Amino acid sequence: AVPPNQYAGLHFYRLVPRPAVLDAEVINRINGGLLFGKIVVDEDGDLAVTMDVRVGGGVTTEWLAQVLRQWHEVFAEAEARLTAAKETLATMAAAAQIISAKGLLQE
């Protein structure tokens with residue numbers, strides 16, 4: 001149990017733009033490579049990067065500064081992975097349009 005006036009953890013949460021074609025499979029693949037955070041889709045369909053940190057027992061200012069650096073690194077990595085996924089999905093969609101335009105894609 002956490003004593004009164006103390007916190008058990010910190011929850012970092014930041015919304016990110018959601019590509020229209022992003023699905024659960026892509027999100028799961030991205031999350032598989034993230035060590036400390038994850039990408040989530042909330043109940044409104046918004047996309048966010050989250051990270052939870054336990055702080056029970058107290059922390060130092062140096063430790064908290066390190067956690068904030070880690071959060072920035074997790075967010076940057078998640079954002080880079082989302083950008084790469086978005087570019088890959090856009091390339092695949094463009095290729096499908098070209099194939100369809102040439103009559104090579106059958107319904």
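Student: Which residue forms a salt bridge with E25, and how far apart are the closest N and O atoms?

Tutor: A word on the source before the case: this is a predicted model. Side chains of opposite charge can pair when their charged atoms come close. Here the partner of E25 is R29, with the closest N and O atoms 3.7 Å apart. A salt bridge is counted when the nitrogen and the carboxyl oxygen are within 4 Å, so this pair qualifies.

Student: Where do E25 and R29 lie?

Tutor: Both belong to helix α1, four residues apart, which is about one turn of the helix.

Student: How many salt bridges does the count come to?

Tutor: It comes to two. In the other pair, the side chains of R81 and E77 meet at 2.6 Å, N to O. R81 and E77 lie in helix α2, and they too are four residues apart, about one turn of the helix.

Student: What else is R81 in contact with, leaving aside its neighbours within four places in sequence?

Tutor: R81 is in contact with I30, G33 and L34. For G33, the separation from R81 is 48 residues in sequence but 9.2 Å in space, C-alpha to C-alpha.

Student: Back to the overall plan. What pattern does the protein chain follow along the sequence?

Tutor: The pattern is β-α-β-β-α, made of two helices and three strands. The elements include α1, residues 24-32, and α2, residues 61-101.

Student: Which residues of helix α1 are buried?

Tutor: They are V26, I27, I30 and N31. Seen down the axis of α1, these buried residues fall within an arc of 135 degrees, so they line one face of the helix. The face turned away from that buried side carries the exposed residues A24, E25, N28, R29 and G32. The salt bridge between E25 and R29 therefore joins two residues of the face turned away from the buried side.

Student: How should I read the nonpolar core, and which residues touch the most other members?

Tutor: In soluble globular proteins, nonpolar side chains tend to be buried together. In this model the largest nonpolar core has 20 residues, and those touching the most other members are I30, I39, L47, V49, M51 and L82. Two or more residues come from each of β1 (9-16), α1, β3 (47-54) and α2. The largest share, seven residues, comes from α2.

Student: What is V49 in contact with, leaving aside its neighbours within four places in sequence?

Tutor: The list is F12, Y13, R14, V16, K38, I39, W71, V74, F75 and A78. V49 is also one of the core residues that touch the most other members.

Student: Where is D42, and is it buried or exposed?

Tutor: D42 sits in the loop between β2 (37-41) and β3. Its relative accessible area is 17%, so D42 is buried.

Student: Where is P17 found, and is P17 buried or exposed?

Tutor: P17 is in the loop between β1 and α1. At 71% relative accessibility, P17 is exposed. P17 and D46 are 29 residues apart in sequence, with their C-alpha atoms 8.0 Å apart.

Student: Which residues form a nonpolar patch on the surface?

Tutor: The patch consists of V59, W63, L64 and L68, with about 300 Å² of accessible area together. L64 lies in helix α2 and is partly exposed, with a relative accessible area of 33%.

Student: What are the totals for the protein chain?

Tutor: Of its 107 residues, 26% are buried. The accessible surface comes to about 7800 Å², and 56% of that belongs to carbon and sulfur atoms.

Notes
Residues are numbered from 1 along each chain as its sequence is written. This is a predicted model: local features need pLDDT of at least 70, side-chain atom pairs count only at pLDDT 80 or more; totals for chains, interfaces and linings use all residues. Side-chain values use heavy atoms; hydrogens and water are left out. Buried means under 20% relative accessible area, exposed over 50%, partly exposed in between (1.4 Å probe, protein chains only). The arc is that of the directions from the helix axis to the C-beta atoms. Patches are made of residues with over 30% relative accessible area and no salt bridge: like charges are joined within 9 Å, nonpolar side chains (Val, Leu, Ile, Met, Phe, Trp, Tyr) within 5 Å. Accessible areas come from the Shrake-Rupley method with a 1.4 Å probe; for residues, only the protein chains shown count as cover. A nonpolar core is a set of buried Ala, Val, Leu, Ile, Met, Phe, Trp, Tyr and Cys residues joined through side-chain atoms within 4.5 Å. Contact means heavy atoms within 4.5 Å.
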